[in-house]
Amino acid sequence: MKHILRMSDLTNEDLYRLFDQADKAKDNNLHVNQQAFVANLFFEPSTRTKTSFEVAEKKLGLETLDFTSESSSVQKGESLYDTVRTFEALGANAVVIRHEKENYYNELLEGVSIPIINGGDGKGEHPTQSLLDLYTIYKEYGYFEGLTVVIAGDIKHSRVARSNAYILDRLGANVSFTGPESWQDKSLAFPYLPMDEAVEQCDVLMMLRIQEERHQDRINNKQGYLEQFGLTLEREKRMKPRSIILHPAPVNRGVEIASELVECSRSRIFQQMTNGVYVRMAALEHVLRGGTEDEKTTETSTHLSR
Ligand code: CP
């Protein structure tokens, strides 16, 4: 059985196969031809991840089991483990989980025997966001080796930064960070650049959301933050002609990035969201099939073994 919990769970072979499957999804050529149920267990707010998993599940022909912790027996004290085991007992074939607790999945791995896709674990990782970011870059450039990628902003509290820095480095990109000193993460061995250098050097500028829910550092002077650390109209003009802008969203317009740049010609922010449906279709198909060990069922459809 395969989970997708961290980017290190995926080999490079897995990644390129997921991109191929995402291409098929885009062409309406990826389906699961057997009844299967997927439970979307979101314990933290989400618009993009939750909705794109729902759309992905419907497009694959899967049955989606909706869940909100506010109206569930979590309110009566049910643990995460018992919630997941309950969905498994009720017939779920896979679960997608977002949770505020880093590495929440460690308490599930022993007893749960259906695949888990991590929809974000606290400051830990956000592997399907990383997959859609990689897919967006790959569709743009066709390779990763030698690309200069700068990840900008609240590095310390960002699961997106953690997933992407690791995997882009493994794929041969030159990864750097930029951001305020207090949000630097020295446990990640990547160099920091001033934003003014970063914009001129990067092929991909990956802006991050300020994770206000994970720290107490409120930005009182938004214009001052934008001018010192963010992507201003003036900085965008100094980017290389072909460079692109990514952001996982939601965007704090006028703080991380000037509002006008969110939909500028080099922004791929809404394209990332569209790509998120395709890569999540590919990710669901991957875990339901059991990973790359069982290739025999997967040309255009998947038959489940359960
Ligand atoms: N990018 C992302 O994870 O967005 P949501 O929090 O809306 O899912």
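This is a predicted model: local features need pLDDT of at least 70, side-chain atom pairs count only at pLDDT 80 or more; totals for chains, interfaces and linings use all residues.

Reply: Let's start at N28, which sits in the loop between α1 and β1 (31-32). Residues are numbered from 1 along each chain as its sequence is written, and side-chain values use heavy atoms, with hydrogens and water left out.

Me: What is the phi of N28?

Reply: The background is that most residues other than glycine have a negative phi, and most peptide bonds are trans. N28 has a positive phi of about 55° although it isn't a glycine. N103 does likewise, with a positive phi of about 60°, and is no glycine either. You'll find N103 in the loop between β4 (94-99) and β5.

Me: Is N103 buried or partly exposed?

Reply: Go by relative accessible area: buried is under 20%, exposed is over 50%, and partly exposed lies in between, using a 1.4 Å probe and protein chains only. N103 comes out at 35%, so it's partly exposed. N28 reaches 56%, which makes it exposed.

Me: And the peptide bonds: what is the one from A249 to P250?

Reply: That bond is cis, with omega near 5°. P250 belongs to the loop between β9 and α9 (269-289). S259 is also placed in the loop between β9 and α9. With 31% relative accessibility, S259 is partly exposed. Leaving out residues up to four places away in sequence, S259 touches R253 and G254, where contact means heavy atoms within 4.5 Å. S259 and T232 are 27 residues apart in sequence, yet 9.0 Å apart in space, C-alpha to C-alpha.

Me: On to helices. At what angle do α1 and α4 pack?

Reply: First, how it's computed: axes are lines fitted to C-alpha atoms, for helices over the stretch in contact, and angles run from 0 to 180 degrees between N-to-C directions. For α1 (residues 12-26) and α4 (residues 127-141) you get about 80°, with the axes 11 Å apart. So α1 is roughly perpendicular to α4; that label covers 65 to 115 degrees, while under 35 is roughly parallel, over 145 roughly antiparallel and the rest oblique.

Me: Which residues of α1 and α4 meet?

Reply: From α1 it's L15, Y16, L18, F19, A22, D23 and K26, and from α4 it's L131, L134, Y135, Y138 and K139. Sorted by class, this contact has nine nonpolar, no polar and three charged residues. The classes go like this: Ala, Val, Leu, Ile, Met, Phe, Trp, Tyr, Cys and Pro are nonpolar, Asp, Glu, Lys and Arg are charged, and the others, Gly among them, are polar.

Me: How many residues of β5 are buried?

Reply: Six of the six, so β5 is largely enclosed by the rest of the structure.

Me: Which strands form the sheet that has β9 in it?

Reply: That one runs β7-β6-β8-β9, again open and parallel. Its edge strands are β7 and β9 (244-246), each pairing on one side only, and the twist averages 20° from one strand to the next. β6 (residues 148-152) and β7 (residues 174-178) pair over five bridges; T148 partners N174, and V149 partners V175. Four of the five residues of β7 are buried, so β7 is largely enclosed too.

Note on methods
Helices (H or I, at least four residues) and strands (E, at least two) are DSSP runs, numbered from the N terminus. Two strands pair if DSSP finds at least two bridges between them.
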